[in-house]
Amino acid sequence: MRGRSARAAQRRRTPEALAGTPPSAVTGTAAGSWLVRGKDGRLTAYAPCEGGLLRWTEMRPGGPRWSEPAFFPVADLTHLTVVQGADMYVHFMGRRERRHQDGRVDVDVVHAIQYQTGRPVTEWRSLGNPHREPDKARHFGVPAAAVDTAGAVHVFARNAGGGLMMRREGRGGRWEPWVDLRGTDVRDGLVVTATSSGGIEVFAPAAEAALHWVQPESGGTPQRSHDVRPVPLAGSVAVLETAPGRLTRFWTDPAGSGLVCHRSGGWPVPLGGAPGDGANAALRTVLDGYDCTVLAHRGADGGIQVGVCGTEAESSGLWWTGTGRSCLGAPALALDVYGRVVLAAFDPDGTLCVTRQAPGSGLAFQDWVHA
């Protein structure tokens with residue numbers, strides 16, 4: 001059913017969804033996984049720009065050459081989130097804010113999909129807004145999403161009252177109504193993660209703690225779990241599955257003590273460092289025969305910092321290295337078709353820059369390449 005739905009959606013794409021010349025430069029970085037690898041092994045990078053979405057694609061698996069940026073128009077987006085499912089489809093979730101001459105503001109969540117590397121993006125479909133009152137609807141938050149192992153998309157966002165709302169794709173690709181999961185003082189910057197066991201977890205910064213929802217069973221409604229302190233800096237949380245069904249979360253402490261990591265059932269562990277106010281990126285890989293976690297973020301000085309530690313051994317030490325490169329927004333991490341760590345970022349002028357793990361031991365990077 002999903003395969004037929006995918007092909008039908010590709011046929012429904014509008015002429016405007018074909019790649020064109022971008023009207024403007026990158027305006028920031030998308031939330032979620034803005035650097036992904038497709039079924040054919042090629043990496044793709046995405047970024048918001050004025051009037052739509054920009055996309056860069058490797059010319060061949062493993063690089064080093066990239067395509068020119070392709071532009072996909074979508075008007076009135078205020079935020080963009082990119083997520084990828086186990087089926088390798090790439091989903092785009094946007095918050096759209098349409099302003100009218102009479103002062104009215106219409107806010108809704110929009111969704112589009114890219115089914116194959118380098119192929120067009122489907123038409124953008126509205127998932128609506130759970131608030132019917134205009135004054136509340138305009139305060140609806142920024143969507144975050146994940147795709148479970150069955151291929152169902154789950155979308156979450158803060159409502160006007162500070163609670164958490166969910167809408168998800170049901171059987172046959174039909175979207176279920178918005179559901180109120182409650183909560184108090186939820187902020188934008190929440191993170192949604194799909195585990196290999198089929199569950200969905202939500203980690204949401206709030207006024208005094210991080211609120212946590214866990215799906216009791218695949219397809220069930222997420223239930224409120226234990227709150228976590230210290231509260232993360234909104235938008236800074238990165239999540240890795242570091243054992244089957246077990247998630248490790250990394251975030252920036254807004255009090256200025258650096259990075260923090262946490263697993264359910266344990267205490268938060270301070271990791272130090274000097275992150276800025278953006279997102280953290282996290283990746284799990286094998287280095288010199290050891291299971292390791294690689295982290296990256298833009299530091300307080302504007303430069304890209306890379307950290308490495310043993311997976312689930314963060315308390316033994318996290319080693320930070322500066323790259324000597326400044327960036328716009330937050331950097332991203334991925335593994336290329338050969339299993340090499342790839343670090344991508346946008347120069348302050350919006351140019352995509354990429355570096356890959358160099359041959360040899362440890363985590364050393366090759367020279368940066370401009371896409």
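I began with the lining of the largest cavity, which by class has 5 nonpolar, 2 polar and 2 charged residues; I keep in mind that the model is predicted. The structure holds 1 cavity of 30 Å³ or more, and the volume of the largest cavity is about 40 Å³. I listed its lining as V191, T193, E201, V202, F203, H212, V239, L247 and R249. The elements that give two or more residues to this lining are β14 (191-194), β15 (200-205) and β19 (246-253), and β15 contributes the most, with 3 residues.

Entry two, aromatic pairs. I count 7 aromatic pairs in the model. F140 and W178 form an edge-to-face pair, at 5.4 Å centre to centre with 85° between the planes. This pair links distant parts of the chain, since F140 lies in the loop between α2 (134-137) and β10 (144-147) and W178 in the loop between β12 (164-168) and β13 (179-182), 38 residues apart. I noted that F140 is buried, with a relative accessible area of 1%, and that W178 is buried as well, at 16%.

I then looked up F203 and W251, which form a tilted pair at 5.5 Å centre to centre with 40° between the planes. F203 belongs to strand β15 and W251 to strand β19, 48 residues apart, and the pair links distant parts of the chain.

Entry three, other ring contacts. I recorded one aromatic cluster formed by W34, W56 and F346, and I found R224 over the face of W213, at 5.4 Å from the ring centre.

Note on methods
Residues numbered from 1 in each chain as written. Predicted model: local features only at pLDDT ≥ 70, side-chain atom pairs only at ≥ 80, totals over all residues. Heavy atoms only, no water. 1 Å grid on protein atoms, 1.4 Å probe; cavity = no way out; pocket = protein on both sides within 12 Å on 5 of 7 lines; lining within 4 Å. Points joined across faces, edges and corners; volume = space filled by probe spheres on them. Helix = DSSP H or I, 4+ residues; strand = E, 2+ residues; numbered from the N terminus. Nonpolar A, V, L, I, M, F, W, Y, C, P; charged D, E, K, R; others polar. Phe/Tyr/Trp six-rings, centres within 6.5 Å; stacked < 30°, edge-to-face > 60°. Buried < 20%, exposed > 50% of the residue type's maximum accessible area, 1.4 Å probe, protein only. Lys NZ or Arg CZ within 6 Å of the ring centre and 35° of its normal.
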